[in-house]
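Open the model in your viewer and keep the selection tool at hand. We will go from stop to stop.

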Amino acid sequence: MATPSIAEQWDEPSALEGMTVGALSAHLVRAAGATIAYLDRTPPDRRSDGDLLTAVTYFHAAVDSPIHDQIKDVSATESAIGHEATVAKCRQLAADLETRLAAEPVDRLVAALGGRLLTLDDFCRTRLIEVLLHLDDLAVSTDQPRPATDPEGAAVIIEICMNIARDRNGDWGVLYALTRAERSGDAAVFPVF
């Protein structure tokens with residue numbers, strides 16, 4: 001995010017329709033920053049009295065959430081602080097996350113999407129999807145190579161996306177999409193969102 005290419009193209013359209021490079025950058029920071037925001041809003045001793053969301057069920061709920069209508073506006077507003085301030089905010093967030101996540105207990109829950117609970121680990125998996133995919137969007141938007149990231153991150157995303165596809169289309173729908181296109185019919189299994 002700190003590269004001159006992003007600074008130079010801050011107000012230019014990004015690879016995501018309706019978002020500038022600056023708005024996409026601000027959205028990427030907000031997506032990761034949601035972890036601290038939700039931790040701050042959820043009492044550390046909060047426990048579930050029902051089923052927890054998983055990374056898969058989180059995305060099912062999030063896709064239908066009205067928040068998507070506001071994301072572009074919020075991202076545009078937050079990008080108004082400019083490139084340097086957004087980069088500084090991202091660096092501070094990375095430092096804060098490193099400290100905060102190390103201090104959280106393994107059974108920590110967070111309330112998201114209208115107060116529905118999920119484990120901190122599963123919430124972080126949802127953030128990983130947001131961050132890595134939008135990092136790629138940012139690279140594509142500015143004709144930069146995608147930054148090198150830990151392959152485990154991509155593996156986590158693939159697992160979640162495969163499980164979303166399995167949940168929506170059944171195991172055989174996914175198998176046909178992967179191996180037997182002639183049997184998959186008109187069902188669009190991929191992309192999952």
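In which helix do W172 and Y176 both lie, and how many residues apart are they? Select the two residues. Both are in helix α7, 4 residues apart, which is about one turn of the helix. Bear in mind that this is a predicted model.

**Stop 1: the W172 and Y176 rings**

A pair of aromatic rings is described by the distance of the centres and the angle of the planes. W172 and Y176 form a tilted pair, 5.8 Å centre to centre with 50° between the planes. Now show the surface. W172 counts as exposed because its relative accessible area is 58%, and the cut-off for exposed is over 50%. Y176 is partly exposed, with a relative accessible area of 25%.

**Stop 2: the Y58 and F123 rings**

The count of aromatic pairs comes to 4. Another of them is Y58 with F123, so select these two next. This pair is edge-to-face: 6.0 Å centre to centre, 85° between the planes. Are Y58 and F123 buried or exposed? Y58 counts as buried at 7% relative accessibility. F123 also counts as buried, at 0%. Y38, Y58, F59 and F123 form one aromatic cluster.

**Stop 3**

Centre the view on I160. Leaving out residues up to four places away in sequence, I160 touches A55, V56, F59, R125 and I129.

**Stop 4**

Select L28, A32, V131, L132 and L135. Of the 31 residues that line the second largest pocket, these are the closest to its centre. The pocket has a volume of about 710 Å³. The elements that give two or more residues to its lining are α2, α5 (83–103), α6 and α7. Which of them provides the largest share? That is α6, with 10 residues. By residue type, the lining divides into 20 nonpolar, 5 polar and 6 charged.

**Stop 3: backbone exceptions**

Most residues other than glycine have a negative phi, and most peptide bonds are trans.

- Select L113, in the loop between β1 and β2 (116–119). Though not a glycine, L113 has a positive phi of about 50°. L113 counts as partly exposed, at 22% relative accessibility.
- Select D143, in the loop between α6 and α7. D143 is not a glycine either, yet its phi is positive, about 55°. At 77% relative accessibility, D143 counts as exposed.
- Select F190 and P191. A cis peptide bond joins the two residues, with omega about 0°. P191 is found in the segment after α7.

Technical notes:
Residues are numbered from 1 along each chain as its sequence is written. This is a predicted model: local features need pLDDT of at least 70, side-chain atom pairs count only at pLDDT 80 or more; totals for chains, interfaces and linings use all residues. Side-chain values use heavy atoms; hydrogens and water are left out. Contact means heavy atoms within 4.5 Å. On a 1 Å grid over the protein atoms alone, a cavity is a set of points where a 1.4 Å probe fits but cannot get out, and a pocket is an open set with protein on both sides within 12 Å along at least five of seven lines; lining residues have an atom within 4 Å of a point. Grid points are joined across faces, edges and corners, and a volume is the space filled by probe spheres set on the points. Ala, Val, Leu, Ile, Met, Phe, Trp, Tyr, Cys and Pro count as nonpolar, Asp, Glu, Lys and Arg as charged, and the others, Gly among them, as polar. Rings of Phe, Tyr and Trp (its six-membered ring) pair if their centres lie within 6.5 Å; planes under 30 degrees apart count as stacked, over 60 as edge-to-face and the rest as tilted. Buried means under 20% relative accessible area, exposed over 50%, partly exposed in between (1.4 Å probe, protein chains only).
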